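I open this notebook to record what I looked up in a structure that is new to me.

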Amino acid sequence: MTAQIPDTTNRWRCGGCGNLTRFDVTRTRRTAEYWHFDLSGEPVVESTEVKAETVESVACRWCGRDDAIELIDRNDAAVAEDPAKD
């Protein structure tokens with residue numbers, strides 16, 4: 001099962017330890033980029049358009065669990081319960 005990427009209304013939480021802030025994310029992206037080369041040949045990516053993105057796995061950085069990551073409403077997350085604040 002692939003995880004959803006949080007947006008402005010929700011966030012990840014580890015159901016195992018309560019972590020709200022640290023996750024190891026493995027994802028695959030397909031992009032279209034505009035590359036600009038200066039006269040010396042150095043490239044700069046000036047714009048990137050994400051064509052497709054798949055989150056393959058999300059694991060809690062604190063306890064290592066990848067089976068307890070849940071998407072919750074940002075308003076339901078109590079920052080005081082976050083183990084990163086200790």
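The entries below go from the whole chain to single residues.

**Entry 1. Confidence.** I noted at the outset that this is a predicted model. I looked up the mean pLDDT of the protein and found 89. I also found that 86% of its residues reach 70 or more. I then turned to the elements: strand β2, residues 23-37, has the highest mean pLDDT, at 96, and strand β4, residues 69-73, has the lowest, at 93. I keep one caution in mind: where pLDDT is low, the predicted coordinates should not be read in detail.

**Entry 2. Elements.** I asked how many helices and strands the protein has. I found 0 helices and 4 strands. Read from the N terminus, the order of the elements is β-β-β-β.

**Entry 3. Aromatic pairs.** In one of them, the ring centres of W12 and F23 are 5.6 Å apart and the planes stand at 65°, so I recorded the pair as edge-to-face. Because W12 belongs to strand β1 and F23 to strand β2, the pair ties together parts that are 11 residues apart in sequence. Are W12 and F23 buried or exposed? W12 has a relative accessibility of 12% and counts as buried. F23 has a relative accessible area of 18% and is buried.

I then recorded the pair formed by W35 and F37, which is tilted, with 6.1 Å from centre to centre and 35° between the planes. I looked up the exposure of both residues. W35 is partly exposed, at a relative accessible area of 44%; F37 is partly exposed, at 46%.

**Entry 4. Residue N10.** I located N10 in strand β1, which covers residues 10-14. What does the side chain of N10 reach? I found that it reaches the backbone nitrogen of D7, at 2.9 Å. Leaving aside neighbours within four places in sequence, I listed the contacts of N10 as I5, L71, I72, D73 and R74.

Technical notes. Residues are numbered from 1 along each chain as its sequence is written. This is a predicted model: local features need pLDDT of at least 70, side-chain atom pairs count only at pLDDT 80 or more; totals for chains, interfaces and linings use all residues. Side-chain values use heavy atoms; hydrogens and water are left out. pLDDT is the predictor's confidence in each residue, from 0 to 100. Helices (H or I, at least four residues) and strands (E, at least two) are DSSP runs, numbered from the N terminus. A polar contact is a pair of N or O atoms within 3.5 Å; within protein, one must be able to donate a hydrogen and the other to accept it, and residues adjacent in sequence count only if both atoms are side-chain atoms. Contact means heavy atoms within 4.5 Å. Rings of Phe, Tyr and Trp (its six-membered ring) pair if their centres lie within 6.5 Å; planes under 30 degrees apart count as stacked, over 60 as edge-to-face and the rest as tilted. Buried means under 20% relative accessible area, exposed over 50%, partly exposed in between (1.4 Å probe, protein chains only).
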